[in-house]
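Here is my note on the model. Please keep the coordinates open while reading.

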Amino acid sequence: MTLRYMPDAGRLYGEEYARDPQAVYAELRRRHGAVAPVEIAPGIEAHLVIGYQAALDVLTNSGGVWSKNPSAWQTRLPDTPDAAGMIAMLGYRPNALYSDGAEHARYRKVISDCFTLVQPHKLRQMVIEVSDSLITQFAAKGEADLAAEFARPIPLRIFNLLFGRPDSDSVGLSKALSDMMEADGEVGARGSDEFSRYIGELVQAKYAQRGDDLTSWFIDHPAGLEVEELMQALVLVLAAGFDATSSLISNAISRMVSDDRYYSSLSNGALSTYDALMEALRAEPAMANYGPYFVRRPVHFHGTWIQPAELVLVSYAAANTEPVNVPEELRSDGGAYLGFGAGPHRCPASDPALLIAMTAIERLTSHLCDLELTVPREELLWRPGPFHRSLAHLPVRFTPIRPDQPGESPWAPHSPSSSTPSAPISPPKSAGYVTSAPWSS
């Protein structure tokens, strides 16, 4: 069965929404105000929070009425492929995203503690190596799809390595995660199955032999995660980190290569890569509508009655771009706004995500300094789906560079402290990208 019928619901799926979500948000705002009824798939309804203050009230749990546990909601969904795809993305898992209070604090501490052990300069070096290895594959052609050939592979390979797996494991993992994020019935469910298989094999390998990697640190953390809790913590980190970071990279690049304010920064410093990232986080956050919440009791919230077991999604994209004057000091992260969320469930790995994105983009533009889109930005195609804002393709052209030309290039061997070796990258344990956990000594 579905939830109670929500009249005049907007659709967060289909070509029209993917092409211009801001037009959909604007119409919903005109009709309904800060909270609007939407369909996230045929027959699957939700309340979409599109006002900035309303979003902040939810994210900071104003009034203590908000919960992250979706169990009651998912039991009321119909037995359809579309519902299965939604459960793959929003169904209950024992991890930090879907828990509250002390349980949430315990799960979150594992993630935050372990990510502090990843040394920034070593993570940056890992990103340089991965970025250069990807650039070598298209630099001599003079054209590339930077979404498929650059932005998507980078965070996937980085997290795969940080988890302590060989780089070759990232190939199948990429497809599984992409299918999951589409939330398209059977495709989403199939991606979820493949993703679960990867996580299961990862955990089995690390229980058998620890390494200097995130998975081993999660296992040995004093919080004492059970096997299922460990698996779900890894699911959350990888699923959230991969698509959000890859989309942040491609969304920021698309701005830089289509706006003279950024393009000229390559030579005269008008606006920086950081500026582009902040603008992308504000106007086109990668996880546009992925803030699932539920109420503990019936609530009249910003003009809308919300009942227990009804899904509430925070739209970071709509809230960030609400056409009202919100004082800058009330915005989260300055220019980033709500791009990484706010309150107790704010992304605990935002600093590593920004470091990955910034290093990758700067590496790309240092090698290919005359990038330009092959189509106007307004004609770029976006991936369908209710949760993300992610380019399907990012076609660019540039002056080709060859392995034999003088000067620094992605093929050139350099010292580990400055650039990229020409050999394939190694897992973190052998490459020394991370450091031992204090609780494992």
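The points below cover a strand, a loop residue and a helix pair.

1. Basis. This is a predicted model, in which local features need pLDDT of at least 70, side-chain atom pairs count only at pLDDT 80 or more, and totals for chains, interfaces and linings use all residues. Residues are numbered from 1 along each chain as its sequence is written, and side-chain values use heavy atoms, with hydrogens and water left out.

2. Strand β6. Helices (H or I, at least four residues) and strands (E, at least two) are DSSP runs, numbered from the N terminus. β6 spans residues 292–295 and is covered on both faces. Pro-292 and Phe-294 are buried on one side, Tyr-293 and Val-295 on the other (buried: under 20% relative accessible area, 1.4 Å probe, protein chains only). β6 pairs with β4 (residues 66–67), antiparallel, over 2 bridges (pairing needs at least two DSSP bridges). Trp-66 has Val-295 as its bridge partner. β6 also pairs antiparallel with β9 (residues 312–314) over 2 bridges; there, Tyr-293 is bridged to Val-312.

3. Ala-139. This residue sits in the loop between α7 (120–135) and β5 (143–145). Beyond neighbours within four places in sequence, Ala-139 contacts Leu-368, Phe-398, Pro-400, Ile-401 and Trp-411 (contact: heavy atoms within 4.5 Å).

4. Helices α13 and α18. α13 (residues 227–256) packs on α18 (residues 350–367) at about 40°, axes 10 Å apart (axes are lines fitted to C-alpha atoms over the stretch in contact; angles run from 0 to 180 degrees between N-to-C directions). The contact includes Leu-248 of α13 and Ile-361 of α18.

How values were computed: Buried means under 20% relative accessible area, exposed over 50%, partly exposed in between (1.4 Å probe, protein chains only).
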